[in-house]
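Please examine the structure below and follow the account of its fold, its surface and its open space.

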Amino acid sequence: MHLTDTNHFENNIFNKTPDFKDTDLNEFIIGANSEAINQANTTFAAQVPTDILGVNRTTSADIGAYQHITFPEEE
């Protein structure tokens, strides 16, 4: 099965910036520069109204398990 198989997958986003916090540490929280911001289907987001951290996602839902955050500046 290939990701372009529309019988199984729809609306895939390829070659965009996810802006994950730190993939080496499995921190897949998305940042303010993520292409996933406001891209989730609101009908499905309403079925799961909060993200994995309990943040509301019923309006302007982001794709994935987390709503985006602004990462603190590194010193």
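Of the 75 residues in the protein, 20% are buried, where buried means under 20% relative accessible area, exposed means over 50%, and partly exposed lies in between (1.4 Å probe, protein chains only). This is a predicted model, in which local features need pLDDT of at least 70, side-chain atom pairs count only at pLDDT 80 or more, and totals for chains, interfaces and linings use all residues. Residues are numbered from 1 along each chain as its sequence is written, and side-chain values use heavy atoms, with hydrogens and water left out.

The protein has 1 helix and 2 strands, and from the N terminus on these elements run β-β-α. Helices (H or I, at least four residues) and strands (E, at least two) are DSSP runs, numbered from the N terminus. Taken along the principal axes, the C-alpha atoms fill a box of roughly 45 × 25 × 20 Å.

Next comes the open space. The largest pocket holds about 530 Å³ of space, and strand 2 (27–30) and helix 1 are the elements that give two or more residues to its lining. A pocket is found on a 1 Å grid over the protein atoms alone, as an open set of points where a 1.4 Å probe fits, with protein on both sides within 12 Å along at least five of seven lines; lining residues have an atom within 4 Å of a point. The volume is the space filled by probe spheres set on the points, which are joined across faces, edges and corners. There are 26 lining residues, and Asn11, Ile13, Gln39, Ile63 and Gly64 lie nearest the pocket centre.

Two residues deserve attention for their backbone. Most residues other than glycine have a negative phi. Asn38, however, is not a glycine and has a positive phi of about 60 degrees. Asn38 lies in the loop between strand 2 and helix 1, and it counts as partly exposed because its relative accessibility is 44%. Ser60, likewise not a glycine, has a positive phi of about 55 degrees. Ser60 belongs to the segment after helix 1 and is partly exposed, at 45% relative accessibility.

Val48 is also placed in the segment after helix 1. Because its relative accessibility is 49%, Val48 counts as partly exposed. The C-alpha atoms of Val48 and Thr58 are separated by 8.1 Å, with the two residues 10 apart along the chain. Val55 is found in the segment after helix 1 (42–47) and is partly exposed, with a relative accessible area of 40%.
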